[in-house]
Structures are given as C-alpha cells and as structure tokens.
Amino acid sequence: MAHPSQLGFQDAASPVMEELLHFHDHALMIVFLISTLVLYIIVVMVTTKLTNKYILDSQEIEIVWTILPAVILIMIALPSLRILYLMDEVNDPHLTVKAMGHQWYWSYEYTDYENLAFDSYMIPTQDLAPGQFRLLETDHRMVIPMESPVRVLVSAEDVLHSWAVPALGVKMDAVPGRLNQTSFITSRPGVFYGQCSEICGANHSFMPIVVEAVPLEHFENWSSLMLEDA
Ligand SMILES: *[C@@H]1O[C@H](CO)[C@@H](O)[C@H](O)[C@H]1NC(C)=O
Ligand SMILES: [Cu+2]
C-alpha cells in the first residue's frame, strides 16, 4: 500500500511492475538530462555578450535539433511499447477470477470453481479492527495463490469502474457490457491494496480492492472453506 509522504511508486510485487519501475527511472533520467541541458543553454545565453545578428539560418544546428529529439523519442517509445505488449500477454493462467464493479463494491467470481463467488465491501471506519487500514480493508479479500499466473476478467454491472492494484502494476477499466482481461504473477506472498480508479459516483472512494497472495496450500484451504460456507 501507499505510505505517508511517499515519493514515487509502491514497491513492485510482480514482474510487470518491476518493468514499469525500471521504465519510469529510465524516462526520468532522460527528463533530467534534457532539463539540465536546457538550463545550461539558458544560463549561457543570458550571460554572454556575443551575438550573431546577421545569421538567419543554420543547416547544421537544425539537422542536429531535429534528429536528436527524434532519437530520444525512439529511446522512450521502444521500451514503452515492449512493456505495453508484455502487459497484454495472458499465458495459460492457473486461476481465473472475474471482478465485477458495482456501485459501490467489487464482486469476485472464481470461474474455475462451481460456485465460489462473493461481494467485497469496504469495512466502515467505525468497524475497523486494530491494525486494519481505513478506506482500504474489505470484508472479503480476493485470495489468490502466490507465484502463479492469475487472470482477472474485469467488467461492470452499472457504470464505469476501474480495477487497479498499484503494487502489481495492474489497472483495468471495468466497462458495463464489455469483458476485458488482464493477468499478473505475484512474486511474493502479501496483501496488496488498490482502489477503484474510474470515477463512478458518490462512493467511488469507498470501494477498495484487496488482493491477498498466499502459498498454494493456504489457497486450497481457503477455497474449500469458502465452498463449504456457500
Ligand atoms: C481492454 O483493455 C485494454 C487495455 O487497457 C484496452 O486497450 C482495450 O480497449 C480494452 N478492451 C475492451 C473491450 O474494453
Ligand atoms: Cu469508482
């Protein structure tokens, strides 16, 4: 989850998020280099008395300041496209979960099981147990096996929502009448928090997402318990 006065992203909990962090650092370095160069040129220009008032154009410098930005843009675009296509890939998932956005909660359906489905409501502040996070904890978490490819099918029942978990590098719009898919692998066990990320009405801020990644045996215990309850 995010922490107070955080700068930058949350730590990566999936390979795709690691790629995204790496790309962010790469792009930021380019921004720093350009800013430094521009600042340097400004300082040089306002502190020199030398001017060339008879020069109207210069082929050489125009070639340089056309080609160079093009090369820089390609250096940003290619890694960006690589990650875009990496994120699009869904390689035979071990588990499929259908996440449905509602006004204002998420519901989850484990489509590999006969009837494993539940709603996931935020726990109101007055009902929080000590140690639970305000506006982030839900009554039922989406439990998944860690280190396994998981596919999430995302859609909405009423209006636009967006299913997002920053530590996993996942954000998928939930569009009523459309089914979309995304996938991720958690690289460690943990509880990963997210929030609805498409403004969807009055309680938009009160429909968090909690993904709990546990070892496979624990997941099997959990799923059989859930099936007994149902
Ligand atoms: C599914 O999600 C991708 C990536 O966010 C988006 O480009 C695409 O348009 C979506 N498809 C549908 C049917 O909503
Ligand atoms: Cu929302």
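Predicted model: local features only at pLDDT ≥ 70, side-chain atom pairs only at ≥ 80, totals over all residues.
**View 1. Packing of helices α1 and α2.** Two packed helices are described by the angle between their axes and the distance between the axes. Here, helix α1 spans residues 15-47 and helix α2 spans residues 59-88. The angle between α1 and α2 is about 170°, and their axes lie 11 Å apart. An angle over 145 degrees counts as roughly antiparallel, so α1 and α2 are roughly antiparallel to each other. Their crossing is left-handed. On the α1 side, the contact is made by Val16, Glu19, Leu20, Phe23, His26, Ile30 and Ile34. These meet residues of α2, including Ile72, Met75, Pro79, Arg82 and Leu86. By class, the contact of α1 with α2 has 12 nonpolar, two polar and two charged residues.

**View 2. The copper ion (ligand 2) and its protein donors.** The donor atoms are SG of Cys196, O of Glu198, SG of Cys200 and ND1 of His204. They lie 1.9 to 2.6 Å from the copper ion. The arrangement is tetrahedral because the four donor atoms subtend angles of 90 to 128° around the copper ion. Along the chain, the donors follow the spacing C-x1-E-x1-C-x3-H.

View 3. Most residues other than glycine have a negative phi, and most peptide bonds are trans. Tryptophan 104 sits in the loop between β1 (95-102) and β2 (105-110).

**View 4. Backbone of serine 5.** Serine 5 lies in the segment before α1. Its phi is near 50°, a positive value in a residue other than glycine.

Terms used:
Residues numbered from 1 in each chain as written. Chains lettered and ligands numbered in written order. Heavy atoms only, no water. Axes fitted to C-alpha atoms, helices over the stretch in contact; angles between N-to-C directions. Helix = DSSP H or I, 4+ residues; strand = E, 2+ residues; numbered from the N terminus. Parallel < 35°, antiparallel > 145°, perpendicular 65-115°, else oblique. Left-handed = near helix turned anticlockwise from the far one by under 90°. Contact = heavy atoms within 4.5 Å. Nonpolar A, V, L, I, M, F, W, Y, C, P; charged D, E, K, R; others polar. Donors = N, O, S within 2.8 Å, 3.2 Å for Na, K, Ca; no water. Tetrahedral: all angles 85-135°; square planar, octahedral: opposite > 155°, others 65-115°.
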